[in-house]
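Dear colleague,

Here is the structure I said I would pass on.

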Amino acid sequence: MEVKDNINHPEHYHKGGIDPIGYGEQQFSQEEMKGFHRMNVIKYVSRYDKKNGVEDLLKAKFYIDKLIELERKASNA
């Protein structure tokens, strides 16, 4: 039985073999992706106590980790 991972690989965003974040990384600048990740952090932190609890906090952490990745790449460039 396949385990669902709603944090790192939500099924509803990967139908048809398309990874929206990967697509964005190919199409948008690092600054645009930083904005995307920041807005998602704000969204999930703002709603966690009204909607999905800890799952939303883990989603926010996922996007914070993405921001950290981008910042590290920028500082090593």
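Rings of Phe, Tyr and Trp (its six-membered ring) are taken to pair if their centres lie within 6.5 Å; planes under 30 degrees apart count as stacked, over 60 as edge-to-face and the rest as tilted. This is a predicted model, in which local features need pLDDT of at least 70 and side-chain atom pairs count only at pLDDT 80 or more, while totals for chains, interfaces and linings use all residues. Residues are numbered from 1 along each chain as its sequence is written, and side-chain values use heavy atoms, with hydrogens and water left out.

Phe36, Tyr44, Phe62 and Tyr63 make up one aromatic cluster. The whole structure holds 3 aromatic pairs. Helices here are DSSP runs (H or I, at least four residues), numbered from the N terminus.

Phe36 is partly exposed at 37% relative accessibility, whereas Tyr63 is buried at 10% (buried is under 20% relative accessible area, exposed over 50%, partly exposed in between; 1.4 Å probe, protein chains only). Tyr44 and Tyr63 are stacked, because their ring centres are 6.1 Å apart and their planes at 10°. Tyr44 is in helix H2 and Tyr63 in helix H3, so that pair links parts 19 residues apart in sequence.

As for the whole protein, 26% of its 77 residues count as buried, and its C-alpha trace spans about 40 × 30 × 15 Å along the principal axes.

Regards

Key. Helices (H or I, at least four residues) and strands (E, at least two) are DSSP runs, numbered from the N terminus.
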